[in-house]
Each structure stands twice: as C-alpha cells, then as structure tokens.
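Reader: I have a new model on my screen and would like to learn how to read it. Could you walk me through it?

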Amino acid sequence: MSITPTFDALAANASDHDAERRNMLLLTVAVGGVATAAVAVPFVTSFAPSQRALASGAAVEADISDILPGSMKIVEWRGKPVWLVRHTPEVLADLPTLDSQLVDPQSKVTSQQPTYAQNPTRSIKPEFLVAIGICTHLGCSPSAVPKGSANPGVGDGWKGGFFCPCHGSTFDSAGRVFKNKPAPTNLEIPPHKYLSDGRVLIGEDSTA
C-alpha cells in the first residue's frame with residue numbers, strides 16, 4: 001500500500017531541502033571568498049615596493065676611517081657607484097697646477113656639485129673626495145690611474161686621476177674633466193655630509 005505524503009510532510013521536506021541548498025550556497029560563497037582573497041592578496045602585494053626599491057633612494061652611511069691616503073673605497077647609492085677617495089698631500093699640491101688644462105677648474109657648472117663643493121678640491125674636506133664614479137659622456141665607469149702611469153690614454157706628465165676606457169675621457173684627482181675630451185662636464189658630486197671624522201652620509205646634506 002502506498003502512502004501519499006501529506007502537505008505538511010511535503011512542506012517539511014521542501015524546507016529541509018531549501019535549508020540544505022542555503023547551507024551549500026553559503027559554503028560555496030565562503031570558499032570562493034577565501035580563494036579570491038588568496039589570489040587577491042599576492043596580486044595587491046605585487047604593487048607594494050620591494051625593500052630594495054624602498055632603500056634605493058635612501059641615504060647611505062659609509063665608514064671612511066679605514067681608507068688609507070692614496071686609496072679609494074666604493075659604495076652604492078641609488079644604484080650608482082660612489083667613490084670615497086682619500087688624497088695624499090702630494091695630490092692636493094698638484095691640483096692647482098692643472099687648472100689651465102681643465103674644462104671647468106672652478107666647478108662653475110652648478111648641476112655637477114652642491115655649492116659647498118664648488119672649490120678646487122670639490123669637497124667639504126680637502127683630504128676626501130666623494131664623487132659618483134660615472135663618466136659624464138655616456139655613463140661608463142672610469143678607472144683610477146696613479147701618477148706617472150704608462151697608460152697611453154692619459155699622456156705624459158700625468159699627475160694622477162681617472163681614465164674612462166670607453167672613449168678616453170680623463171679627469172683629475174678631484175673629478176674635473178680635461179679639455180678636448182668627450183666628457184662635457186666634471187664628475188658629479190652627490191649631496192653628502194660628515195657625521196663624524198670617520199663617517200660620511202651620502203644622499204643628504206645640511207641644506208636638505
């Protein structure tokens with residue numbers, strides 16, 4: 001004998017079915033939301049700057065206490081090599097004798113150095129040169145060439161400085177460019193200041 005379900009029983013079954021469908025829908029939405037979040041978070045995070053990018057414009061502190069006279073240390077600032085050169089008394093004495101051979105001996109092209117570096121040594125402290133080691137011609141990196149070098153690219157009577165092997169530009173020990181060379185201007189001097197006798201901060205100065 002078959003039993004015909006009553007209206008109440010059908011309604012109860014329909015209600016149970018609707019409840020199951022509602023629960024399944026909520027579960028699906030919840031799972032979908034989690035999946036979307038899992039995809040969205042890495043996607044949004046990809047727009048956040050990396051630690052390297054955050055640091056690329058930051059000032060860089062460097063120890064100069066261990067640089068011996070006549071030697072150089074290189075640090076990176078904004079992706080550029082910055083030379084920290086400690087001059088000998090002999091080099092400092094030679095600098096004024098080169099003025100007639102240089103394009104801009106008094107550093108009048110103001111874009112190449114802060115005002116406090118517009119002097120014969122292009123520095124705050126004559127003993128130390130802080131310069132960006134990139135040739136102002138086409139962006140090659142010059143090499144340090146000592147006084148009296150036999151390098152044919154620097155010529156006779158060379159008193160020391162920097163030679164760009166790409167196209168032959170030469171710079172004196174203060175980063176001033178010699179005449180009749182491809183490089184149009186002196187090497188760039190970045191903003192900098194001394195935190196102590198043995199530490200320099202590159203990228204900031206007292207005028208900022």
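Author: Happy to; we will go from the overall fold to salt bridges, aromatic rings and nonpolar cores. Please keep in mind that this is a predicted model.

Reader: Let's begin with the fold. How many helices and strands does the protein have?

Author: The protein has 3 helices and 9 strands.

Reader: Now to charges. How many salt bridges are there?

Author: The idea is to look for a side-chain nitrogen of Lys or Arg within 4 Å of a carboxyl oxygen of Asp or Glu. By that rule there are 8 salt bridges. One of them joins Asp-66 and Lys-73, with 2.9 Å between the closest N and O atoms.

Reader: Which residue meets Arg-176 in a salt bridge at 3.1 Å?

Author: That is Asp-99, the 3.1 Å being the N to O distance. Arg-176 lies in the loop between strand S7 (170-172) and strand S8 (192-196), while Asp-99 lies in the loop between helix H3 (89-94) and strand S4 (128-132), so this pair ties together parts that are 77 residues apart in sequence. Arg-176 is buried, at 1% relative accessibility, whereas Asp-99 is partly exposed at 26%.

Reader: What distance separates the closest N and O atoms of Arg-176 and Asp-172?

Author: Those atoms are 2.8 Å apart, and the two residues form a salt bridge. Asp-172 counts as buried, at 0% relative accessibility. Salt bridges can also share partners: Glu-90, Asp-94 and Lys-147 are joined into one network that way.

Reader: On to the rings. How many aromatic pairs does the structure hold?

Author: In general, two things describe a pair of aromatic rings: how far apart the centres are and the angle of the planes. This structure holds 2 aromatic pairs. Trp-83 and Phe-162 are stacked, at 4.4 Å centre to centre and with 25° between the planes. Trp-83 is in strand S3 (residues 80-86) and Phe-162 in strand S6, so the pair links distant parts of the chain, 79 residues apart. Both residues are buried.

Reader: Which kind of pair do Trp-158 and Phe-178 form?

Author: Trp-158 and Phe-178 form a tilted pair, with 5.7 Å between the centres and 40° between the planes. This pair also links distant parts of the chain: Trp-158 is in the loop between strand S5 (143-145) and S6, and Phe-178 is in the loop between S7 and S8, 20 residues apart. Trp-158 and Phe-178 are both buried.

Reader: Where does the charged end of Lys-125 sit?

Author: The charged end of Lys-125 sits over the ring of Tyr-194, 4.4 Å from the ring's centre.

Reader: Next, the nonpolar cores. Which residues touch the most other members of the largest one?

Author: The largest nonpolar core has 14 residues, and Leu-129, Phe-162 and Phe-171 touch the most other members. S3 and S4 are the elements that give two or more residues to this core. Another core lies apart from it, with 13 residues, including Ala-62, Leu-84, Phe-128 and Ile-202.

Reader: One last residue, please. Where is Gly-168 found, and which residues are in contact with it?

Author: Gly-168 is found in the loop between strand S6 (161-163) and S7. Its relative accessible area is 17%, so Gly-168 is buried. Setting aside neighbours within four places in sequence, Gly-168 is in contact with Phe-163, Lys-181 and Pro-182.

Note on methods
Residues are numbered from 1 along each chain as its sequence is written. This is a predicted model: local features need pLDDT of at least 70, side-chain atom pairs count only at pLDDT 80 or more; totals for chains, interfaces and linings use all residues. Side-chain values use heavy atoms; hydrogens and water are left out. Helices (H or I, at least four residues) and strands (E, at least two) are DSSP runs, numbered from the N terminus. Buried means under 20% relative accessible area, exposed over 50%, partly exposed in between (1.4 Å probe, protein chains only). Contact means heavy atoms within 4.5 Å. Rings of Phe, Tyr and Trp (its six-membered ring) pair if their centres lie within 6.5 Å; planes under 30 degrees apart count as stacked, over 60 as edge-to-face and the rest as tilted. A charge sits over a ring if NZ of Lys or CZ of Arg is within 6 Å of the ring centre and within 35 degrees of the ring normal. A nonpolar core is a set of buried Ala, Val, Leu, Ile, Met, Phe, Trp, Tyr and Cys residues joined through side-chain atoms within 4.5 Å.
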